[in-house]
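Comments on any of them would be welcome.

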Amino acid sequence: MNLMADIKRFLARRALTFIPTLIGVTFLAYIIAFAIPANPAQAWAGGIKANPQVVHEIIKEYHLNDPWYVQYYYFMKGILTNSIIDPRWGYPVMTYMLSRFPITFQLTLFALFFLIVLGIPLGIISALKKDSWIDALVRTWALVGVSVPIFWLGYIFIYIFFYQLGWINIAGIPYPKVHITGVPIIDALLSGEWNIVWENIQRFILPGFTLGFAGIGVIARLVRNSFLEAINSDFIYFARMRGLKHRRIMTHALRNALVPVVTVLGLQFGGLLGGAPITETVFSIPGMGRAMVDAIFYMDFPLLIAGTFLVAIIYVITNLIVDILYAIIDPRVRF
Amino acid sequence: MSGPQFREPIIEVKDLYVYFYTYAGVVKAIEDMSFTIYKGEKFCMVGETGCGKSVTSRALANIVPSPGRIVKGKVIYYRDGKPVNMVELSEDQLREIRGKEIAYIVQDPSSALDPLYTIGYQIVETMIDHNTVKDWKEGYKRAVELLREVLMPDPEKRIKNYPHELSGGQRQRAVISIGLSNMPRLLIADEPTSSLDVTVQAQLLELLRKLVKEHGLTLFLITHDMGVVAEMCDRVAVLYAGNIVELAPVDEIFKNPKHPYTMGLLRAVPNPQADIEKLEPIPGTIPNLIYPPPGCRFHPRCPFARDVCKREKPPLIEISPGHYVRCWLHAQ
């Protein structure tokens, strides 16, 4: 099969569609920032008592008096060449954001882990034991999960597991000695520093669960419904008529049930990134989301747009991975 | 080619009742059903949509779909001459029989095949799970032979195809080779050609007849097409609203129909064995099986209905050797 050639062609075609998506996202973020009636230059220079000379320099440096399209052009050029300097810190904004990214990525991985190891089995169990207590639990979980705000849930968990029970840690990030990928837990795993792995788990397990909480219920519901649909389909009935073994019939049902789940997991990943700022703030995790929240407070638009740009890239790449997985699972899908 | 030649029974249905427990009420899909299929014969079941043909065929391997249940009766399967009651077997024992000794060919091949697996895989897994091949490699070799036997073009390539890559006729050929893969003793074909176009239908029926003859299989064929009945079968059971109303050798049914429903049916479709001037529909509609008509289930549509038909259910009686009718006209 010329699957690899198909994938290459597909990747090339998809890479082209990235460009308008990324331009669109950053442009929207830029327009929103631009529309805010504030004087960022004044704020960056130190507030009301700022030196007019400094304010003037900043306006010149960031083209703040130019029309919006010129400003946007310089912003994007600065982000892409990593030459735009953060007005608060003095680092290039992309360097700063990228240094924060591994932490957010680790948080999202923990949340995704819960989504997969809790969401999928819970869905299957509630499909197999339809209308049992576990089915009711999953239904309630999905409803509560989407209704409860992350910050509330986060504080409740902190109260119980940190304040009352003292099981977890909510300060600092334990880094391993080696630096390979930059993601602490992965580096610790690669270099075999098991105590650091354990400390990372202790630090991230609760924020990860909080971030994934709503998604677990959603995934479980989806798995339940698509598994029920698969198990009641004609080909499963025919598989029984063929006298296939129970295990094999379940494999057929499960693989068919997972086709829609893969898509939603991809979308959920984007949703998790979107939820990261709140979770990171509640659990004081120094990730990208936290940096973006701070950037909003200080009207640090370059940082905000850089962050948006990065999240958009991750989202687009995730979708690409989902599409490839989708075609691997379901032969009816063409590249 | 009639009853008495086939002395050795392969399956015997005795006094079978199948009910469906739905929210609207209990659907009495099959009542008081008894018939025997003999080794090596081609047994046919005809009737309108919803009369219980498919349910009967599923009951033979005790795989009536939910919410249906066999509530009463026996299905005796003669396994190497030893009778076993399918209704009493465990799910594990049934699994070993299904697909190996009693195999099915279903009506809609597009939805019967798993879209995510190649047809080769699906043929081979049917053999692997019944231990009729020693490994997957041998299984794939066998699958190619089977596909060649059902006249699939390019079988070596086709085993690597997914169901959606095949035409309707090719898919049905794949389903037939799954049915044949373990060389079953009884092959149950449930309207195997009704979802296909006419030319493919004819080819596949011809193929089916050839395969049954070559491998000495017993065939239980379900259809609503009298033409197919005339071409394919040795004996026919005519089903109406969950009851067998007439059972006879195929020539008897066409030349000497006794039940008013059979007569109506033959006038309503082009009769392959007699010239009729004009097709006449049977008046009325099929009854609701939650509240079936009392007495004879056909009486509301029957031109010969009498008082007794409304009160009492007629028994199935043998009026000449091998010819059974369930009708008060012939009961005395």
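Two residues are taken to be in contact if their C-beta atoms, placed from the backbone, lie within 7 Å. The model discussed here is predicted.

1. Helix pair in chain A. In H7(A), the residues Ile150(A), Leu153(A), Gly154(A), Phe157(A) and Phe161(A) meet Leu206(A), Thr210(A), Leu211(A) and Phe213(A) of H9(A). By class, this contact comprises seven nonpolar and two polar residues, with no charged ones. The axes of H7(A) and H9(A) are 10 Å apart, and the two helices pack at an angle of about 145 degrees. The crossing of H7(A) past H9(A) is right-handed.

2. Pro176(A) lies in the loop that runs between helix H7 (150-164) and helix H8 (184-191) of chain A. Is Pro176(A) buried or exposed? Pro176(A) is buried, because 22 other C-beta atoms lie within 10 Å and the cut-off for a buried residue is 20 or more. Residues up to four places away in sequence aside, Pro176(A) touches Pro184(A), Asp187(A), Ala188(A), Ser191(A), Glu193(A) and Ile196(A). Pro302(A) is 126 residues from Pro176(A) in sequence, and their C-alpha atoms are 31 Å apart in space.

3. The nonpolar core. The largest nonpolar core contains 163 residues, and those with the most contacts inside it are Ile219(A), Ile305(A) and Val236(B). Which helix gives the most to this core? Helix H9 (residues 194-231) of chain A does, with 14 residues. Beyond its neighbours within four places in sequence, Ile305(A) is in contact with Thr26(A), Ala29(A), Tyr30(A), Ala33(A), Phe75(A) and Ile79(A). As background, nonpolar side chains tend to be buried together in soluble globular proteins.

4. The contact between the chains. On the chain B side, 23 residues are in contact with 17 residues of chain A. Helix H2 (91-97), helix H3 (109-112) and helix H4 (119-128) of chain B each supply at least two residues of the side of chain B that touches chain A. That side of chain B divides into ten nonpolar, five polar and eight charged residues.

5. Helix pair in chain B. The axes of H4(B) and helix H5 (residues 136-149) of chain B come within 9 Å and cross at roughly 115 degrees; the crossing is right-handed. From H4(B), Gly120(B), Ile123(B), Val124(B), Met127(B) and Ile128(B) meet Trp136(B), Gly139(B), Tyr140(B), Arg142(B), Ala143(B) and Leu146(B) of H5(B). The residues of this contact are eight nonpolar, two polar and one charged.

6. The sheet of chain B. Four strands of chain B form an open sheet in the order S2-S1-S4-S5, with antiparallel pairing. Strand S2 (25-38) and strand S5 (82-85) of chain B are at the edges and have a single partner strand each, so one side of each is left without a neighbour in the sheet. On average, neighbouring strands of the sheet are turned by 10 degrees against each other, direction ignored. Helix H1 (residues 53-60) of chain B packs on the sheet, where H1(B) touches strand S1 (9-22), S2 and S4 of chain B; the direction of H1(B) makes about 65 degrees with that of S2(B).

7. Strand pairing in chain B. S1(B) and S4(B) run antiparallel and are joined by eight bridges; Val13(B) stands opposite Val75(B) in S4(B). Strand S4 (residues 68-79) of chain B also pairs with S5(B) in the antiparallel sense, over four bridges. The partners in S5(B) include Asn85(B) for Ile76(B) and Val84(B) for Tyr77(B). S4(B) and S5(B) form a hairpin with two residues between them, and Asp80(B) in the turn has a positive phi of about 50 degrees.

8. Helix H1(B). How many residues of H1(B) are buried? Eight of its eight residues are buried, namely Lys53(B), Ser54(B), Val55(B), Thr56(B), Ser57(B), Arg58(B), Ala59(B) and Leu60(B).

Notes:
Residues are numbered from 1 along each chain as its sequence is written. Chains are lettered from A and ligands numbered from 1 in the order in which they are written. This is a predicted model: local features need pLDDT of at least 70, side-chain atom pairs count only at pLDDT 80 or more; totals for chains, interfaces and linings use all residues. Ala, Val, Leu, Ile, Met, Phe, Trp, Tyr, Cys and Pro count as nonpolar, Asp, Glu, Lys and Arg as charged, and the others, Gly among them, as polar. Axes are lines fitted to C-alpha atoms, for helices over the stretch in contact, and angles run from 0 to 180 degrees between N-to-C directions. A crossing is left-handed if the near helix is turned anticlockwise from the far one by less than a right angle, and right-handed if clockwise. Two strands pair if DSSP finds at least two bridges between them. A nonpolar core is a set of buried Ala, Val, Leu, Ile, Met, Phe, Trp, Tyr and Cys residues joined through C-beta atoms within 7 Å. A residue is buried if 20 or more other C-beta atoms lie within 10 Å of its own, exposed if 12 or fewer, and partly exposed in between; C-beta atoms are placed from the backbone.
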